[in-house]
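Me: I have a structure open and would like to go through it with you. Can we start with the ring contacts and take the rest as it comes?

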Amino acid sequence: MSRPHVLLARAVFPAVVERLREHFEVDDNPADIIHSPAQLTARLQGKAGAMTTGSERIDAVLLAACPELRVVANMAVGYNNFDIAACTAAGVLATNTPDVLTETTADFGFALMMAAARRMAESEHFLRRGEWTRWSYDMFTGSDVHGATLAILGMGRIGQAIARRGALGFGMRVIYHNRSPLTPEQEAPIQARYVDKATLLREADHLVLVLPYSAASHHAIGSAELALMKPTATLTNIARGGIVDDAALAAALHERRIAAAGLDVFEGEPAVHPALLTLPNVVLTPHIASATVATRRAMAELAADNLVAALTGGTPPTPINAAGLKR
Ligand code: DGY
């Protein structure tokens with residue numbers, strides 16, 4: 001019996017490629033070329049499965065042109081690059097990689113928030129430029145993280161992991177806004193309080209965005225929302241570009257309507273709004289919140305587990321649309 005053919009849309013750990021070769025005819029991408037939609041469609045011809053990342057858009061047009069495709073396994077927890085309704089309509093299983101990156105991503109979100117609050121990037125650049133000639137009482141004074149109000153927009157697994165760090169490690173008061181409140185059992189250990197979005201923005205000392213991107217969350221933070229925040233507040237985005245109106249954020253940072261920001265994701269990334277690049281009071285990182293060796297390996301292994309299970313009669317561990325496909 002011939003083995004299924006799969007595409008690895010981007011480069012991935014060689015050990016994972018070898019593991020997949022035990023099950024499939026693998027078309028891999030060691031040069032890590034990013035394909036246009038037309039190139040991706042061409043590479044997917046005859047493929048039953050694909051391992052993808054956020055760079056590959058899987059939509060109705062592509063699915064119609066790839067009728068043999070049965071599973072798309074994203075190596076990411078976020079899956080806004082998938083049109084899930086189109087996948088379900090085409091009978092294609094979509095999977096992602098939740099849980100394995102939660103703590104690593106929360107570590108990074110917390111670090112980025114601290115870097116913004118304590119002006120770490122700005123002061124490091126000052127030192128490297130050779131401008132540090134003496135100590136002064138107000139040099140790079142920022143705002144405290146311990147004991148401050150941590151405001152989380154999007155209280156899923158990563159949001160809760162950040163809240164734990166803040167409440168249990170730094171004595172922070174945790175408030176959050178989410179589609180639905182946590183259970184009292186989830187709120188109690190971190191003394192988290194559910195508030196409406198306007199209250200969240202008004203009371204935040206440090207606002208952290210961890211909500212999924214969708215049409216509904218597009219520009220969830222724009223000029224109107226930034227106007228509600230304290231001039232001493234920081235904003236950290238580890239969710240997705242497009243959740244923040246980056247032009248509005250750059251204006252607010254420039255005019256010191258908020259104090260600082262930490263951004264790991266950007267509208268139109270890898271392009272970054274040029275105004276952000278010129279501002280001292282923003283820490284910018286290239287979408288690396290989940291980037292530790294152990295976590296990226298775990299994400300790749302989980303995406304491979306999903307691919308293998310889906311195409312060999314097993315049960316994929318982390319499906320997105322399995323319920324829709326059963327109907
Ligand atoms: C994720 O897993 O969604 C990260 O943002 C990496 O793409």
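**Aromatic pairs, salt bridges, backbone and domains**

Reply: The structure holds 3 aromatic pairs. Keep in mind that this is a predicted model.

Me: What kind of pair do Phe-126 and Phe-140 form?

Reply: Phe-126 and Phe-140 are edge-to-face, with 5.0 Å centre to centre and 70° between the planes.

Me: And where do Phe-126 and Phe-140 lie?

Reply: Phe-126 is in helix α6 (residues 120-128), while Phe-140 is in the loop between α6 and β6 (149-153), so the pair ties together parts that are 14 residues apart in sequence.

Me: OK, charges next. How many salt bridges does the structure hold?

Reply: There are 19 salt bridges in the structure. One of them joins Arg-10 and Asp-32, whose closest N and O atoms are 2.7 Å apart.

Me: Which parts does the pair of Arg-10 and Asp-32 tie together?

Reply: Two loops. Arg-10 sits in the loop between β1 (5-8) and α1 (14-21), and Asp-32 in the loop between β2 (25-27) and α2 (37-43), so the pair ties together parts that are 22 residues apart in sequence.

Me: Switching to backbone. Is the peptide bond from Glu-269 to Pro-270 cis or trans?

Reply: The bond from Glu-269 to Pro-270 is cis, with omega near 15°. Pro-270 belongs to the loop between β11 (260-263) and α12 (274-278).

Me: What about the phi of Gln-191?

Reply: Gln-191 is not a glycine, yet its phi is positive, about 45°. Gln-191 is in the loop between α8 (184-187) and β8 (193-194).

Me: Now the domains. What does the domain assignment give?

Reply: The assignment gives domain 1 as 5-98 + 293-326 and domain 2 as 102-284. Their centres, taken over C-alpha atoms, are separated by 32 Å. The contact takes 4 residues from domain 1 and 4 residues from domain 2.

Me: How much area is buried between domain 1 and domain 2?

Reply: About 420 Å², with carbon and sulfur atoms giving 50% of that. On the domain 1 side, Asn-80, Pro-98 and Thr-295 lose the most area to domain 2, together 76% of what that side buries.

Me: How many salt bridges and polar contacts are there between domain 1 and domain 2?

Reply: Between domain 1 and domain 2 the count is 0 salt bridges. For polar contact, the count is 2 residue pairs, both at pLDDT 80 or more. By class, the side of domain 1 that touches domain 2 has 1 nonpolar, 3 polar and no charged residues.

How values were computed:
Residues numbered from 1 in each chain as written. Predicted model: local features only at pLDDT ≥ 70, side-chain atom pairs only at ≥ 80, totals over all residues. Heavy atoms only, no water. Domains from an automatic or database assignment. Contact = heavy atoms within 4.5 Å. Buried area = accessible area lost by both parts, 1.4 Å probe. Salt bridge = Lys/Arg side-chain N within 4 Å of Asp/Glu carboxyl O. Polar contact = N/O pair within 3.5 Å; in protein donor to acceptor, adjacent residues only side chain to side chain. Nonpolar A, V, L, I, M, F, W, Y, C, P; charged D, E, K, R; others polar. Phe/Tyr/Trp six-rings, centres within 6.5 Å; stacked < 30°, edge-to-face > 60°. Helix = DSSP H or I, 4+ residues; strand = E, 2+ residues; numbered from the N terminus.
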